[in-house]
2 protein chains.
Amino acid sequence: MSVHDEPTLNKKIIYEGKIIDVELHEVELPNGKTSMREVVKHPGAVAVIGITDEEKIPLVRQFRKATEEMLLEIPAGKREEGEEAKTTAERELQEETGYRPAHLHEIARFYTSPGFADEWISVYLATGLQAGAPQTEADEFLSVEEWTLADARVALREGKWRDAKTAFAIQALLLR
Amino acid sequence: MSVHDEPTLNKKIIYEGKIIDVELHEVELPNGKTSMREVVKHPGAVAVIGITDEEKIPLVRQFRKATEEMLLEIPAGKREEGEEAKTTAERELQEETGYRPAHLHEIARFYTSPGFADEWISVYLATGLQAGAPQTEADEFLSVEEWTLADARVALREGKWRDAKTAFAIQALLLR
């Protein structure tokens, strides 16, 4: 089968929210039939895996309402309109963990759930970390943990990372 | 800061759809204030990275309406109520690529976008693949490609995998 798309015949805005919008599209399929596609619109996100000179990884533990669980993740945040992804990455790392990176570069950029959402995430690697004090926002309640790369590897082998971007980023460190 | 949760004070169902539901929760924060959380409910998914005895990886290229792009991904599908994740994994692999695995085991299980969605995905590794004919569903239009592990590694280094689960799964193969 060749490359195709699914043109929208009709679109209904279901919800326009603070972070996400939800749309329902009636699309035309390659065989001429129609189907419905539910689409969640999201501004995108950035995430940062940092590694200190002592091979420690700063992580944040926070409650995620969507999952009703405390999750351990690399620092991350939504993209801000008009702000470079790299700047957001640097800011989120510093706000959440206190660390300032000497070097920061993008190692991946991908969709998190392309089956229903347009969210994409830029994953940055931060090195040359200089410690400082975190500055979290008013409705962010999180605690910082520093994991050794060795412990992160064990948790990976045991399938214990519960957040996709974090599992990816730990593997990226191990493959460096 | 200690472990906490965000109890729901009020919940509004925004949308109940075919694949996703959308909820708006008013939650109580640890400091006693309230905040709104948008939550997308999803049944969860399974994905399968297979590798043939010739070190080839079966992938599917398909149009994703949410991203308005053709994406190259490992075979995947939604979880089916009452069906074991492993059974779904085996079925999706066979339907989309024709391959039947002799061995199939879960290598990871994580949330794809915990900031706004409860979707989690089980990633399986399939080996001992036996070729057969794909059987795609009526509204699935996809083409199968087989990539060498070497080519997949190059694409990983160049940050070219656009789908998070696929990037993770390629890394997992390389770390085996």
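**Entry 1: chain A overall**

I started with burial: of the 176 residues in chain A, 55% are buried. I note that this is a predicted model. Next I looked up the secondary structure. Chain A holds three helices and 10 strands. I read the order from the N terminus as β-β-β-β-β-β-β-α-β-β-β-α-α. I then took the extent of the C-alpha trace. Along its principal axes, chain A spans about 60 × 40 × 30 Å. I also checked how far along the sequence the contacts reach. Among chain A contacts with a separation of 6 or more, 55% join residues 24 or more positions apart.

**Entry 2: the two copies**

I went on to the contact residues. Both copies use the same surface, as 100% of the contact residues of chain A recur in chain B.

**Entry 3: aromatic pairs**

I looked for paired rings. The count over all chains is four aromatic pairs. I wrote up two of the pairs.

The one I took up in chain A is A:Phe110 with A:Phe168. Their ring centres are 4.8 Å apart and the planes stand at 85°, so the pair is edge-to-face, the cut-off being over 60 degrees. I traced both partners to their elements. A:Phe110 sits in strand 8 (residues 100-111) of chain A, and A:Phe168 in helix 3 (residues 164-174) of chain A. They are 58 residues apart, and the pair links distant parts of the chain.

I then turned to B:Trp147 and B:Trp161. This pair is tilted, at 5.1 Å centre to centre with 55° between the planes. I placed B:Trp147 in strand 10 (residues 142-148) of chain B. B:Trp161 lies in the loop between helix 2 (149-157) and helix 3 (164-175) of chain B. The two residues are 14 apart, and this pair also links distant parts of the chain. I checked accessibility again. B:Trp161 is buried, with a relative accessible area of 4%.

**Entry 4: helix 2 against helix 3 in chain B**

I looked at how these two helices pass each other. Their axes come within 10 Å and cross at roughly 120°. That angle makes helix 2 of chain B oblique to helix 3 of chain B. I logged the crossing as left-handed. Which residues of helix 2 of chain B meet helix 3 of chain B? I listed B:Leu149, B:Ala152, B:Arg153 and B:Leu156. On the helix 3 side I have B:Ala167, B:Ile170, B:Gln171, B:Leu173 and B:Leu174.

**Entry 5: positive phi at Glu55**

I checked the backbone at Glu55 in both chains. A:Glu55 has a positive phi of about 60°, although it is not a glycine. B:Glu55 also has a positive phi, near 60°. Where is A:Glu55? I found A:Glu55 in the loop between strand 4 (45-50) and strand 5 (56-64) of chain A. B:Glu55 is in the loop between strand 4 (45-50) and strand 5 (56-64) of chain B. A:Glu55 is at 43% relative accessibility and counts as partly exposed. B:Glu55 is partly exposed at 44%.

Definitions and conventions: Residues numbered from 1 in each chain as written. Chains lettered and ligands numbered in written order. Predicted model: local features only at pLDDT ≥ 70, side-chain atom pairs only at ≥ 80, totals over all residues. Heavy atoms only, no water. Contact = heavy atoms within 4.5 Å. Phe/Tyr/Trp six-rings, centres within 6.5 Å; stacked < 30°, edge-to-face > 60°. Helix = DSSP H or I, 4+ residues; strand = E, 2+ residues; numbered from the N terminus. Buried < 20%, exposed > 50% of the residue type's maximum accessible area, 1.4 Å probe, protein only. Axes fitted to C-alpha atoms, helices over the stretch in contact; angles between N-to-C directions. Parallel < 35°, antiparallel > 145°, perpendicular 65-115°, else oblique. Left-handed = near helix turned anticlockwise from the far one by under 90°.
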